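Please open the model in a viewer and keep a selection panel at hand.

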Amino acid sequence: MTIETTGAHGAGGVLLSLTDIGKTYVEPVLGGVRLQLRPGQVLALTGENGAGKSTLSKIICGLEQASTGAMLLDGQAYLPASRGDAEKLGIRMVMQELNLLPTLSVAENLYLNQLPQRFGWIDRARLERDARAQMAKVGLDDIDPWTLVGQLGIGHQQMIEIARNLIGDCRLLVLDEPTAMLTHREVELLFAQIERLKAAGVAIIYISHRLEELKRVADRIAVLRDGELVCDDSIAHYSSADLVRLMVGRAADADIDLSGRNIGAPLLRLDGLGRKGAVQPATLEVKAGQIVGIAGLIGSGRTELLRLIFGADRADQGQLFIGDGTAPARIDSPSDAVAAGIAMITEDRKGQGLLLQQSIAANTSLARLDGVSSRGWLDDAAETALGQRYIEQLGIRSRHPGQTVAELSGGNQQKVVIARWLYRDCAVMLFDEPTRGIDIGAKFDIYNLLAELARQGKGLLIVSSDLRELMLICDRIAVMSAGRIVDTFERGAWSQDSLLAAAFSGYLQTHGGTSGADNAVAA
Ligand SMILES: Nc1ncnc2c1ncn2[C@@H]1O[C@H](COP(=O)(O)OP(=O)(O)OP(=O)(O)O)[C@@H](O)[C@H]1O
Ligand SMILES: [Mg+2]
């Protein structure tokens with residue numbers, strides 16, 4: 001990669017300067033943003049879901065045009081009309097939502113705009129060589145460059161999106177929630193790349209809801225609230241508590257109320273349920289009113305276990321029992337699972353079947369149309385009222401229940417996914433990373449909702465990479481490592497250290513057994 005670091009815009013100069021940037025769709029969502037970025041600087045950009053972070057990034061990277069204000073790059077007017085325009089000037093963006101072409105190979109996705117040619121033919125040998133070199137930078141050495149992107153897990157897809165943006169000239173890189181779907185190892189690889197870019201004088205805007213990451217990578221912090229910049233300062237001036245207050249405008253709650261629950265009869269029992277190469281036989285029970293967590297590193301088989309329970313993958317060992325049934329249940333597909341009263345809220349919004357062009361209300365009622373219909377006709381008023389109810393309950397930032405989901409911010413789309421399944425009203429609810437991409441304040445709204453579901457007698461099984469989250473809300477935590485449940489802890493008997501030790505334990509043995517992999521090539 002070639003990077004310009006010399007000349008008038010050396011370490012002391014200003015690379016990018018924004019003046020009074022504003023954006024209005026139907027209503028204003030961004031206003032009066034002034035910001036300056038210097039080469040080699042890492043700016044953490046944060047704020048609540050819907051505060052305007054992605055919109056500002058898209059304006060800088062040419063994907064959206066500002067309604068007001070001006071931008072200067074190296075002191076020259078900068079008005080990118082498209083992403084391509086911005087990329088020509090070395091301004092690049094890793095988007096929050098994946099943006100790859102699933103039917104093309106990894107190599108083709110990496111070099112989509114610049115496929116190497118030889119006598120007018122695509123030079124496949126060179127393409128493969130170049131792709132391998134780029135993939136090695138982000139630790140994807142073990143993936144064949146000709147694999148179709150659609151066959152990869154979302155974590156790997158995210159890494160490819162990152163690798164693609166490390167190709168060619170780069171002077172400013174915007175990373176919009178790059179780590180939401182990454183494993184610990186991949187996060188480290190990303191941070192190493194950020195250090196390298198920084199040393200080469202590349203400016204970086206880093207968007208994340210994860211405090212510890214912001215403090216680790218950034219020099220400066222900028223906070224958006226309701227589309228306005230309320231802070232632009234050196235990050236060293238702020239404690240974690242200060243940062244939370246800045247991000248959500250108040251101190252975050254420290255606790256949730258789990259009282260008032262009756263732990264009842266078992267709703268779901270696994271007896272040695274497993275699938276060769278993915279999940280070792282797992283035994284587990286979830287009772288009415290109980291919240292059970294599954295901890296483990298990404299890739300430890302947690303998602304695979306949920307998929308077995310939900311019938312998304314076929315179990316080839318063991319049995320599953322529902323309610324107090326003594327005969328094993330047959331669940332061969334997700335629709336069997338739903339019919340048996342099991343819901344699954346996955347981590348993948350797009351895969352979840354969110355209908356982006358439909359309204360919040362329509363997306364919510366989809367799970368249970370009979371709830372908003374009478375004599376077979378859809379009752380618009382009932383559907384709207386339903387949408388409104390969840391907008392209030394989950395704090396979905398939107399104009400009205402009829403607003404299309406495509407117009408919502410990433411975190412608010414995630415809330416719509418959750419609303420749909422809450423409305424579905426299943427006895428057992430499986431959650432995979434329920435608060436991914438959700439801001440710190442809204443996380444507590446979701447925790448309180450989970451507590452309320454448990455009070456209503458539902459059984460919850462929650463996969464999360466955030467140990468503090470699990471320790472806050474669970475009665476019991478099962479830890480998976482290398483495809484196996486290695487330990488189970490009751491509330492009061494766990495510590496962060498004991499959970500972590502268990503999570504790593506399966507990888508410390510010398511034999512190279514197969515592990516389940518959340519990010520592995522899909523079956
Ligand atoms: N195409 C659009 N039409 C109308 N409103 C939009 C459109 N795109 C975004 N918005 C609105 O702009 C506001 C800011 O959204 P943005 O995606 O920038 O938020 P964000 O800070 O990135 O949030 P998150 O943390 O959830 O990703 C939101 O209220 C959103 O609904
Ligand atoms: Mg966003």
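Begin by selecting Ala482, which sits in the loop between β22 (476-481) and β23 (484-490). The model is a predicted one. Ala482 has a phi near 50 degrees, a positive value in a residue other than glycine. For context, most residues other than glycine have a negative phi. With a relative accessible area of 15%, Ala482 is buried.

Next, select Asp20, which belongs to strand β1 (residues 16-24). Here, too, is a residue other than glycine with a positive phi, near 50 degrees. The relative accessible area of Asp20 is 35%, so Asp20 is classed as partly exposed.

**The magnesium ion**

Select ligand 2, the magnesium ion. Which atoms coordinate the magnesium ion (ligand 2)? The donors are OG of Ser54 and OE1 of Gln96, at 2.1 to 2.3 Å. Ser54 is part of helix α1 (residues 53-60), while Gln96 is in the loop between β6 (91-94) and α3 (106-110); the pair therefore ties together parts that are 42 residues apart in sequence. Both coordinating residues can then be examined for accessibility. Ser54 has 17% relative accessibility and counts as buried. Gln96 is likewise buried, its relative accessible area being 14%.

**Helix α1 and the residue after it**

The buried residues are Lys53, Ser54, Thr55, Leu56, Ser57, Ile59 and Ile60. Moving just past α1, select Gly62, where phi is positive, at about 85 degrees.

Now select Tyr78, in the loop between β5 (76-77) and α2. Is Tyr78 buried or exposed? At 3% relative accessibility, Tyr78 counts as buried. Apart from neighbours within four places in sequence, its contacts are Leu16, Ile60, Cys61, Met71, Leu72, Leu73, Ala86, Leu89 and Ile91. One of these, Ile60, is also among the buried residues of α1. To draw a distance in the viewer, take the C-alpha atoms of Tyr78 and Ser17: they are 9.3 Å from each other, and the two residues are 61 residues apart along the chain.

From there, go to Gly84 in helix α2 (residues 83-88). Gly84 is partly exposed, with 34% relative accessibility.

**Val106 in helix α3**

Select Val106, which lies in helix α3. At 0% relative accessibility, Val106 counts as buried. Which residues does Val106 touch, when those up to four places away in sequence are not counted? They are Met135, Ile143, Asp144, Pro145, Thr147, Val149, Leu152 and Ile160. For a distance to another part of the chain, pick Gly387: its C-alpha atom is 39 Å from that of Val106, and the two residues are 281 residues apart in sequence.

**Helices α12 and α13**

Select helix α12 (residues 380-394) together with helix α13 (residues 410-424); their axes come within 10 Å and cross at roughly 120 degrees. The angle makes α12 oblique to α13. The crossing of α12 past α13 is right-handed. To show the contact, display Leu386, Arg389, Tyr390 and Leu394 on α12, and Lys415, Ile418, Ala419, Leu422 and Tyr423 on α13. Sorted by class, these residues comprise seven nonpolar, no polar and two charged.

**Last stop: Arg314**

Finally, select Arg314, in the loop between α9 (302-310) and β16 (317-322). Which residues are in contact with Arg314, leaving aside its neighbours within four places in sequence? The contacts are Arg275, Leu308 and Asp332. The C-alpha atom of Arg314 is 8.0 Å from that of Ser333, and 19 residues separate the two along the chain.

How values were computed
Residues are numbered from 1 along each chain as its sequence is written. Chains are lettered from A and ligands numbered from 1 in the order in which they are written. This is a predicted model: local features need pLDDT of at least 70, side-chain atom pairs count only at pLDDT 80 or more; totals for chains, interfaces and linings use all residues. Side-chain values use heavy atoms; hydrogens and water are left out. Donors are N, O and S atoms within 2.8 Å of the metal (3.2 Å for Na, K and Ca); water is not among the atoms, so sites may look incomplete. Helices (H or I, at least four residues) and strands (E, at least two) are DSSP runs, numbered from the N terminus. Buried means under 20% relative accessible area, exposed over 50%, partly exposed in between (1.4 Å probe, protein chains only). Axes are lines fitted to C-alpha atoms, for helices over the stretch in contact, and angles run from 0 to 180 degrees between N-to-C directions. Angles under 35 degrees count as roughly parallel, over 145 as roughly antiparallel, 65 to 115 as roughly perpendicular and the rest as oblique. A crossing is left-handed if the near helix is turned anticlockwise from the far one by less than a right angle, and right-handed if clockwise. Contact means heavy atoms within 4.5 Å. Ala, Val, Leu, Ile, Met, Phe, Trp, Tyr, Cys and Pro count as nonpolar, Asp, Glu, Lys and Arg as charged, and the others, Gly among them, as polar.
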